[in-house]
Amino acid sequence: MNRFFRSFALMFGAAPRKPEPGEVTPAGKALMKYKKTPEQVKLRKEKIAHEHEHPVFSNKWKYRRWASIVILNLLFIVSYWFDVQLVEGALTASRFVGFHMADLNGALQVMLAYKEVMINLVIGTATVVIAWWLVGGRAFCSWICPYHLLAEWAEWLHLKLAARGWAKDHAFHRTLRAVLWFVFLALAAITGYTVFEYVNPVGIVSRALIYGPTIALLWVLFLLGIEVFYSRRFWCRYVCPIGLSYGITGAISPLQVEYNLEKCLHEGECRKVCLVPHVLEVTKMGYASDAFEYIGADCTRCGMCIDACPQNALRFKLRGLDKII
Amino acid sequence: MTDEIKAAEVVPKKKMSSRELEKRRMFLRSVGAGITMVSLSLVGYYPILTKLFSRLRPPGALIEEKFLSACIKCGQCVQVCPVEAIKLADGDEGFGIGVPYIDARTQACDFSCDAVQCVLACPTGALTHEIARKEEVRMGVARLARPDACLAMRGEGFKGAARSGDFKGLHRYVEVDRWTPVRIADHSYDLEICDLCVRECPITGAISLQPVSAHAGDKRRMPVVTSQCVGCGACEMMCPAEPAAIVVDPKIVKERAA
C-alpha cells in the first residue's frame, strides 16, 4: 500500500527517493547485497563494456505503438469519410460500434461546466474508465493520442539539435501538471465553460484529422516548437491534465511494466528514452525495494524502456495472470 | 558577538550553488509556464464576452451559454447530418472551439434526416433530447432583412435554379427523390411569382406570402414569418437574391427561451 501511495505522489510531482531500509523487502535486501559483492561488481562492469561494444536497440514496441496510433486515428477518419460508422465522433467523445465512449478529462470538464449529467455521458465515461483501467490508464497517451505521435517526432528532432548543442532541454517542476489539472477543473466549474478545451492540442489535432484543418493547429505547431527548441516533451510531461486523469485511472491497472532487479545492470538506458523518467528511478542502484517491482502509475506503458533495456530487465506484465493460470 | 550576528546575516546573501540556482530557476520557470498556460486558455473568453460571433446552432441546442459548456466538441452531430449542414467552429471563436454551428446560406438544415439525427447523436445533451420532432426545434427565426431585394416584394417571378451553378448546397425535393437530397443548382423553377422561401420551407405554416396591398392588380407579395418558424435557414439558403433577402437570426432563440 505504501508503495502505491509513493507511486501516486510521484505522479502528482513528488521527487523520487531511495526507499528507507524498513521499506525494502528481505528479497530486495539480499539481492542488493549480492550485487555489491566484488565479483558481481566486476562482472557487471564487463557486461556493460560488452554492451557498449555491441549495442542492441530494438524498436519493436515503438513501431507497434505507432501503428496503433495511426490505425486508430485512421479508423475515426475512415468511419466518417466512408460512412461506415465504426467509430463516430472524435477523441473527446465517440461511439465505438454504437457504444458511447467519452474522454475522461473532457467529460469531467463538461460535467463541471454544465453541472448536469446525461446518462449517455455517464455510460461513456464509465466505459472509458474501465477500458483504460484494464490496459493501464496512460496507455491512452502512448497508444492512442495523436499529439503524442507528433510530440515523439518533435522529441527526435529536439534530441538531434541538443546533440549538436543547438537546443537545450529546460526542465519544469512536475507539480505544474497537477496544479494545472486542479486549476482547469476549477475553471470549468467557476466559469461554466470548458476552458481547457481551448488550449487542448489533443482535441484540436483529433478534430482537424477528422473534420479538416483549422487555424487552431497553429497553437499545436507552437507547442511542438517549444518541445523542439526549449523543453523536451513539454506538454506531455508538465502540462497535460488528460495524462494525469488517465494516470489516476490506471494507477492500479492489471497491465504493468515490471522491473526485474536481478537482471538490471543499472546502466540507465531506460531513463534516457522514457517520457516520464521519474517512474524509472527505481532502476537506479539502491532505489528498488523488492526483487520485482511495478513501474509507477505515471507510466504510459509505451514500451520504450523495454526496447531500450539491453538486459531484458523490464517487461509487460498482466498482474494476477499467473494466479489465474 | 556583533561580528557573529553580522556573519549570520551575511550567510544567506552568499552566492547560491549552481544546483540551488538551477532549482530556483526551474521553480520560477514552472510558475511562469503555469500562469502563461492558464492566461492563454482564458483568451478564449474574449470572443464570448464581446459576442464576436452569433452562430446558428444545430436543432435542439441549449441556450448559447449552456450550449458551449455542455458540448464536448466531438462532432458526432456533424457526422450524422445527411446534408452536412453542421460545421465545427475554429479557434477564433474562443471557448466555442470545436462547437457545431450551421451556416444557413451555404447549407441549411432541411430536416432531410426526417428526425433530428444530430440531437440523437449528441452524447452530452448539449442538443437537448427533449426534442423529437422538427416542429419542436427553435434555432432562430427568419426575418425579411432586405425587402427591396425580395423578388416577391417586387412582384417578380423566377426562372431557373435558385442558386448559381457552382453552389454546392443540397435540398431534399420530395417530388424528385424522397430519400436523397439533391443539389439546388441542378433544380430548375419557373414561377410566376417567386415563392421559393415558402415553397421549400420544411415546416408547414411557418411562412406564407401575403398581398402587400388590397389592390387586385398588385402582384407584390410579402413573405410573412409566423411563430411556427423553427429557424432552420432553408429559406435563407434558397433565396435567389444575392445576398439573401430573408435571413435567420439565431439570437432570438435566447429571448424565446427566457
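Visitor: In which hand does α9(A) cross α2(B)?

Guide: In this predicted model, α9(A) passes α2(B) in a right-handed crossing.

Visitor: And how do I describe the packing of such a pair?

Guide: Two packed helices are described by the angle between their axes and by how far apart those axes are. Here, α9(A), residues 175–191, packs with α2(B) at an angle of about 25°, and the axes lie 10 Å apart. Angles under 35 degrees count as roughly parallel, so α9(A) and α2(B) are roughly parallel to each other.

Visitor: Which residues meet there?

Guide: From α9(A) come Leu176(A), Val179(A), Leu180(A) and Val183(A); on α2(B) they meet Ser30(B), Ala33(B), Gly34(B), Met37(B) and Val38(B). By class, that contact has seven nonpolar residues, two polar and no charged.

Visitor: Zooming out, how many residues does each chain put into the contact?

Guide: Chain B puts in 35 residues and chain A 45 residues. On the side of chain B that touches chain A, the elements giving two or more residues are α2 (18–42), α4 (64–70) and α5 (76–80). α2(B) gives the most, with 11 residues. That side of chain B has 16 nonpolar, 13 polar and six charged residues.

Visitor: How is chain B divided into domains?

Guide: The domain assignment gives domain 1 (2–46) and domain 2 (51–257). Over C-alpha atoms, the centres of these two domains of chain B are 57 Å apart.

Visitor: Back in chain A, is helix α13 mostly covered or exposed?

Guide: α13(A), residues 241–249, is mostly covered, with nine of its nine residues buried. Among them are Pro241(A), Leu244(A), Tyr246(A) and Ile248(A).

Conventions. Residues are numbered from 1 along each chain as its sequence is written. Chains are lettered from A and ligands numbered from 1 in the order in which they are written. This is a predicted model: local features need pLDDT of at least 70, side-chain atom pairs count only at pLDDT 80 or more; totals for chains, interfaces and linings use all residues. A residue is buried if 20 or more other C-beta atoms lie within 10 Å of its own, exposed if 12 or fewer, and partly exposed in between; C-beta atoms are placed from the backbone. Helices (H or I, at least four residues) and strands (E, at least two) are DSSP runs, numbered from the N terminus. Domain bounds come from an automatic or database domain assignment. Two residues are in contact if their C-beta atoms, placed from the backbone, lie within 7 Å. Ala, Val, Leu, Ile, Met, Phe, Trp, Tyr, Cys and Pro count as nonpolar, Asp, Glu, Lys and Arg as charged, and the others, Gly among them, as polar. Axes are lines fitted to C-alpha atoms, for helices over the stretch in contact, and angles run from 0 to 180 degrees between N-to-C directions. Angles under 35 degrees count as roughly parallel, over 145 as roughly antiparallel, 65 to 115 as roughly perpendicular and the rest as oblique. A crossing is left-handed if the near helix is turned anticlockwise from the far one by less than a right angle, and right-handed if clockwise.
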